[in-house]
Amino acid sequence: PAATVPVEEIPQEVVYHTVDDSYFDDAVFIGDSRTEGLRDAVNDDSIWSCLSSMGYDWMVSTGVPQVEDQIEDNTAVIILMGVNDLYHVNDYVSYINSKAAEWGNRGAQTYFVSVGPVQNDPYCSNAEIESFNAAMQASLSGVTYIDVYSHLVSEGFSTVDGTHYPDSVSVDIYNYILDHLEEQRSGIWG
């Protein structure tokens, strides 16, 4: 087995900044390589915890712990996970529901962004993604579900390799997420 490394000694793949107050005090994005694509395309001031090829086990062991101390009152926690391990759907539901309750007690709001569609991905199909997304949407509790999948299918999208999106699509996804954060939060903070 690989040696375990204390979280504080893990090389940081994350850049920490402060988010514009027009949407929320802080936004924390947790995700995989598609989330890295968002981060790189928008280059904003959010807190990003994302790493290529990662899934549920990484999210639990590293992705969440390395940013959890920054989740506080008026933080939007935005989770974009699943494309690399759709079979972990029940684990994602249990963990995200548990964390959403914990973060909610701190005054934070949790958002789950649906897994977006693929084009001839050798590892997963859109049918599998639709099944995963439907289970997540039906089973998440205390979590706002943001349906990027339907948005991309209806608006059209492209990929660079079947799985990952070009910057233009990443920017569209990011703006769609922000629009939904603003809708959810404007009643309280707007």
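Modeller: Helix H1 (residues 33–42) lies across E1, E2 and E3 and runs at about 145° to E2. This is a predicted model: local features need pLDDT of at least 70 and side-chain atom pairs count only at pLDDT 80 or more, while totals for chains, interfaces and linings use all residues. Residues are numbered from 1 along each chain as its sequence is written, and side-chain values use heavy atoms, with hydrogens and water left out. Helices (H or I, at least four residues) and strands (E, at least two) are DSSP runs numbered from the N terminus. Axes are lines fitted to C-alpha atoms, for helices over the stretch in contact (heavy atoms within 4.5 Å), and angles run from 0 to 180 degrees between N-to-C directions.

E1, H1 and E2 make a right-handed β-α-β unit: with the strands pointing away from the viewer, the path from the first strand over the helix to the second runs clockwise. E1 (residues 26–31) and E2 run parallel, joined by four bridges; two strands pair if DSSP finds at least two bridges between them. Isoleucine 30 stands opposite serine 49 in E2. From E2 (residues 47–50), Ile47 and Ser49 point one way and Trp48 and Cys50 the other, and all are buried, meaning under 20% relative accessible area with a 1.4 Å probe, protein chains only (exposed is over 50%, partly exposed in between).

E1 also pairs with E3 (residues 75–80), in the parallel sense, over six bridges, and valine 28 stands opposite valine 77 in E3. Alanine 27 lies in E1 and counts as buried because its relative accessibility is 0%.
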